[in-house]
Amino acid sequence: IMIGWIPLFVRWNLLLKHSGLKVPLKKNLLIYLSGFALSITPGKIGELLRAQILKSQFDLPRTKTTTLVLVEKFYDLAGAILISLTSIWFFHESSPIIIIGCIMLGITFALASSKTFFSKALKLFSQFKFLSKFLQPLSDSFDTVNSSTRGKIAILSILLSMSYWLITTYAVYFILISFKITQLNYLDVVSV
């Protein structure tokens with residue numbers, strides 16, 4: 001599982017560099033690992049701790065670093081959906097769900113490049129009281145989202161996310177094998 005964190009850290013480092021934010025590699029690794037302390041929070045939103053640490057130690061703007069943490073979540077989802085495409089050959093029942101996920105992912109990528117949509121989405125989500133305090137600083141972060149989800153950085157980030165999910169998949173496989181579980185009922189897995 002810990003080996004799977006390597007591509008995630010590389011992705012984080014690339015996103016920071018791409019956004020013009022410079023953090024020494026050793027410090028960056030420690031800050032990145034600190035985010036795992038609160039990863040048990042819903043949606044791993046506790047990883048926003050990294051943005052606060054980067055602000056206090058390196059005076060990096062939270063609007064950029066918070067945005068990058070959220071972009072990472074998007075890449076996590078993208079990697080999971082694309083890796084799930086391989087399961088279509090083994091689990092035909094999951095095909096509609098995975099295809100719908102891929103379509104939604106494509107739409108999200110397209111909409112992330114629209115400043116009008118970005119502003120409207122932030123306005124919609126800010127109506128939820130618990131989200132409004134997180135989303136308000138993001139209103140000026142369209143450029144960071146747009147540049148982080150385009151071109152070479154997007155391809156590299158998705159590939160790194162997919163490698164994370166592959167490593168995690170193998171880890172789960174070996175854990176199941178160690179418990180002598182060789183077959184799972186699809187409906188049991190879906191409920192989990």
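**Figure 1. Contacts across the protein chain.** Residues 24 or more positions apart account for 67% of the contacts in the protein chain with a separation of 6 or more. Contact means heavy atoms within 4.5 Å. This is a predicted model: local features need pLDDT of at least 70, side-chain atom pairs count only at pLDDT 80 or more, and totals for chains, interfaces and linings use all residues. Residues are numbered from 1 along each chain as its sequence is written, and side-chain values use heavy atoms, with hydrogens and water left out.

**Figure 2. The helices and the surface.** The protein chain has ten helices and zero strands. Helices (H or I, at least four residues) and strands (E, at least two) are DSSP runs, numbered from the N terminus. Of the 192 residues of the chain, 36% count as buried. Buried means under 20% relative accessible area, exposed over 50%, and partly exposed in between (1.4 Å probe, protein chains only). The accessible surface of the chain comes to about 12100 Å². Carbon and sulfur atoms hold 71% of that surface. Accessible areas come from the Shrake-Rupley method with a 1.4 Å probe; for residues, only the protein chains shown count as cover.

Figure 3. Helix α2 spans residues 25-34, and its buried residues are Asn28, Ile31, Tyr32 and Ser34. Seen down the axis of α2, these buried residues fall within an arc of 155°, so they line one face of the helix. The arc is that of the directions from the helix axis to the C-beta atoms. An α-helix has 3.6 residues a turn, so residues three or four places apart point the same way. On the other side of α2, Leu25, Lys26 and Leu30 are exposed. The cover over the buried residues of α2 includes α1 (5-18), α3 (49-58) and α4.

**Figure 4. Glycine 79 in helix α4.** Find glycine 79 in α4, which runs over residues 62-84. Glycine 79 is buried, with a relative accessible area of 0%. Residues up to four places away in sequence are not counted here; beyond them, glycine 79 touches Ser161, Met162 and Trp165. Now look at isoleucine 158. In sequence, glycine 79 and isoleucine 158 are 79 residues apart. In space, their C-alpha atoms are 5.6 Å apart.

**Figure 5. Serine 157 in helix α9.** Serine 157 sits in α9, which covers residues 151-178. Serine 157 counts as buried, at 0% relative accessibility. Leave aside its neighbours within four places in sequence, and serine 157 is in contact with Arg11, Leu15 and Tyr75.
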